[in-house]
Amino acid sequence: MLLSQKKIVLAVTGSIAAYKSAYLVRLLVQHGAEVKVVLSPGALEFITPLTFSTLSRNPVYSDFTEDKNTGEWNHHVGLALWADLMVIAPASANTLSKMASGQSDNFLLATYMSARCPVMIAPAMDHDMFLHGGTQENLAKLKGFGHSLITPHTGELASGLVGQGRMAEPEEIVQCIVQHFHPDLPLQGKKVMVTAGPTYEKLDPVRFIGNYSSGKMGYALASALAEKGATVQLISGPVHLQLSHPSIHITKVESAREMLEACLLHFEEMDMAILSAAVADYRPAEMADQKIKKSEDSLQLDLVKNPDIAAQLGQLKRPHQHLIGFALETTKEKEYAQEKLIRKNLDLIVLNSLRHEGAGFGVDTNQISLIWPHNISQDFGLMDKHKVAAIIVDAAIDLLKKTT
Ligand code: C5P
């Protein structure tokens, strides 16, 4: 996990955007970070410590003293020195002003002033407050202190006005944090779509035509891409796999046509698509409304061709986009794979071998060759699907480097 063993103090101030910080904590914890939350007195008006202590699995701090009778107190210096990074999100105009002038009249500010670690600020306030000379001067000063600023977005504000001041979305803040700890992740800022699993083509309400694809290859690819910094859109056919990663968004589909629709919805914003799904080539011409009765000795099924998702995306592909497909052939493997690469306008094809025991559907291992245009290819031995995924991701990184 990209943020494992990273210690983050998240300081939340008095802004309606505080509700987004709850989700931010969830994402950071999912990334493996240890998070301790500090609330300003203003933040307590918007959100309760219980929300944050539940999500962070740590105590939440908002005052110097815990219990006035016993004198039990919170150690702001200890907390500040514990942190590898302090993130102030949302940062209100009031807190920004106090930070810039070195005021320390609450626990959050005292923690901030004691911090030796890098500080990241995600402001949130109304448009006019953000553009006010005072706020802009404070932000310039804070940048001068070496803090980094996550610029607020323009859009609808809680006041009803439209303008700049919306706190950056939690996903974007996480990206900035990941980038801070791993400035050299090769897929940082890249969006990659992965198709995975089989498709089911309905015959009647209780039956379908499908295949044995487990989805393991596609899910392993999605994880490997996310660990290299990519945001992944996983379009998954019906599989039994579970995957929870803050940078992987999963859309579940059943049929080839649903898979195509989901791919078309997302493809435009992608830098790359990796099509590992075993899409059914044909579907029943008609789906029966009722269960097909067992009557005759034989049953004829009329099948029609499904759309070829890879080929359609190949036609839509723009110069900065890349497509990686898969092929499974039983004869003239490389020749047919090369032909498929050209016909579908792919940049790389992963040829799955069926010759080896332990390679193919449902198993944990695979044996592949990578095939590029102009008959360039590289063969690999039998290996675990996670290792295969790492090889494909390295090849994907090389392809993306060519456009940046
Ligand atoms: O034509 P063939 O099925 O051999 O091509 C395999 C490649 O094309 C795989 O990458 C698969 O995901 C993709 N494909 C597709 N839509 C189809 C059939 C295959 O995207 N209908």
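## Pockets and ligand surroundings

The lining of the second largest pocket is made up of 10 nonpolar, six polar and four charged residues, where Ala, Val, Leu, Ile, Met, Phe, Trp, Tyr, Cys and Pro count as nonpolar, Asp, Glu, Lys and Arg as charged, and the others, Gly among them, as polar. This is a predicted model, in which local features need pLDDT of at least 70, side-chain atom pairs count only at pLDDT 80 or more, and totals for chains, interfaces and linings use all residues. Residues are numbered from 1 along each chain as its sequence is written, and side-chain values use heavy atoms, with hydrogens and water left out.

A pocket is an open set of points on a 1 Å grid over the protein atoms alone, where a 1.4 Å probe fits and protein lies on both sides within 12 Å along at least five of seven lines, and its lining residues have an atom within 4 Å of a point. The second largest pocket holds about 340 Å³ of space, a volume being the space filled by probe spheres set on the points, which are joined across faces, edges and corners. Of its 20 lining residues, Ser15, Ile16, Ala17, Met125 and Ala158 are the closest to the centre. Helix H1 (18-30), helix H4 (93-101) and strand E9 (162-166) each give two or more residues to this lining; helices (H or I, at least four residues) and strands (E, at least two) are DSSP runs, numbered from the N terminus.

The largest pocket has a volume of about 880 Å³, and among the 38 residues that line it, Ala277, Ala278, Val279, Asp281 and Phe326 lie nearest its centre. Its lining divides into 17 nonpolar, 14 polar and seven charged residues, and the largest share, four residues, comes from E18.

The space taken by the ligand is the largest pocket, a molecule being placed in a pocket if more than half of its atoms lie within 2 Å of the grid points. The elements that give two or more residues to the shell around the ligand are helix H11 (309-316) and strand E18 (322-328). By class, that shell has seven nonpolar, one polar and four charged residues.

| Residue (backbone N or O) | Ligand atom | Distance |
|---|---|---|
| Proline 307 | nitrogen | 2.8 Å |
| Alanine 310 | oxygen | 2.8 Å |
| Phenylalanine 326 | oxygen | 2.7 Å |

The protein covers 85% of the 450 Å² of accessible area that the ligand has on its own, with areas taken from the Shrake-Rupley method with a 1.4 Å probe.

Definitions and conventions: Polar contact = N/O pair within 3.5 Å; in protein donor to acceptor, adjacent residues only side chain to side chain.
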